[in-house]
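Subject: Handover of the structure

Hello,

Please find the structure below for your files.

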Amino acid sequence: MTQQLTHEEARRQAKVIVDQMTIDEKIGQIKYEAPAIERLNIPEYNYWNEALHGVARAGVATVFPQAIGLAATFDDQLINDIADVIGTEGRAKYNEFTKHEDRDIYKD
């Protein structure tokens, strides 16, 4: 099992990687069809997805009400709990798809 990074460790690691990237590589990474950067071991990926009220497409996921319906609850803790579920499902899908080298649209 891989070690889970803390927020601070992940931020430091990301900064080290980004500091090594050229401006063209950085620009390429903001495209939803981001190209691989082989020298940094960054695979190509397509990060287009949305999680406004659940992880869209790419299999089964929990679907919550649209944002306006969630806002109408006026329940900050409920919204936080829903966001936690969406984030957990998104990470689970990412981990499963990348295990099979599937980095297509809706998968990352």
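Phe74 counts as exposed, at 75% relative accessibility; exposed means over 50% relative accessible area, buried under 20%, and partly exposed in between (1.4 Å probe, protein chains only). The model is predicted, so local features need pLDDT of at least 70 and side-chain atom pairs count only at pLDDT 80 or more, while totals for chains, interfaces and linings use all residues. Residues are numbered from 1 along each chain as its sequence is written, and side-chain values use heavy atoms, with hydrogens and water left out.

Backbone

Phe74 sits in the loop between α3 (67-71) and α4. Helices (H or I, at least four residues) and strands (E, at least two) are DSSP runs, numbered from the N terminus. The phi of Phe74 is near 55°, which is positive in a residue other than glycine. Most residues other than glycine have a negative phi. Asn41 also has a positive phi, near 60°. The loop between β1 and β2 holds Asn41, and this residue is exposed with a relative accessible area of 71%.

Salt bridges

A salt bridge here is a side-chain nitrogen of Lys or Arg within 4 Å of a carboxyl oxygen of Asp or Glu. By that rule there are three salt bridges.

In one of them, the side chains of Asp19 and Lys15 meet at 3.0 Å, N to O. Asp19 and Lys15 are four residues apart in helix α1 (residues 7-20), so about one helical turn separates them. Asp19 is exposed, at 52% relative accessibility.

Glu25 and Arg39 form another, with 2.7 Å from N to O. Glu25 belongs to helix α2 (residues 23-29) and Arg39 to the loop between β1 (33-34) and β2 (45-46), so this pair ties together parts that are 14 residues apart in sequence. Glu25 counts as buried, at 18% relative accessibility.

The salt bridge between Glu96 and Lys99 has its closest N and O atoms 3.1 Å apart. Both residues lie in helix α4 (residues 76-99), three residues apart, or about one turn of the helix. Glu96 is partly exposed at 38% relative accessibility, whereas Lys99 is exposed with a relative accessible area of 58%.

Surface patches

Patches are made of residues with over 30% relative accessible area and no salt bridge; like charges are joined within 9 Å, and nonpolar side chains (Val, Leu, Ile, Met, Phe, Trp, Tyr) within 5 Å. Accessible areas come from the Shrake-Rupley method with a 1.4 Å probe, and for residues only the protein chains shown count as cover.

Asp75, Asp76, Asp81 and Asp84 form a negative surface patch. Asp and Glu count as negative and Lys and Arg as positive, with His and the chain ends not counted.

A nonpolar patch on the surface consists of Ile23, Ile27, Ile30, Tyr32, Tyr47 and Trp48, which together have about 620 Å² of accessible area. Tyr32 is in the loop between α2 and β1, and its relative accessible area of 42% makes it partly exposed.

Asn46 is in strand β2 and is buried, with a relative accessible area of 6%. The C-alpha atoms of Asn46 and Thr73 are separated by 33 Å, the two residues being 27 residues apart along the chain.

Regards

Technical notes. Charge placed at Lys NZ, Arg CZ, Asp CG, Glu CD.
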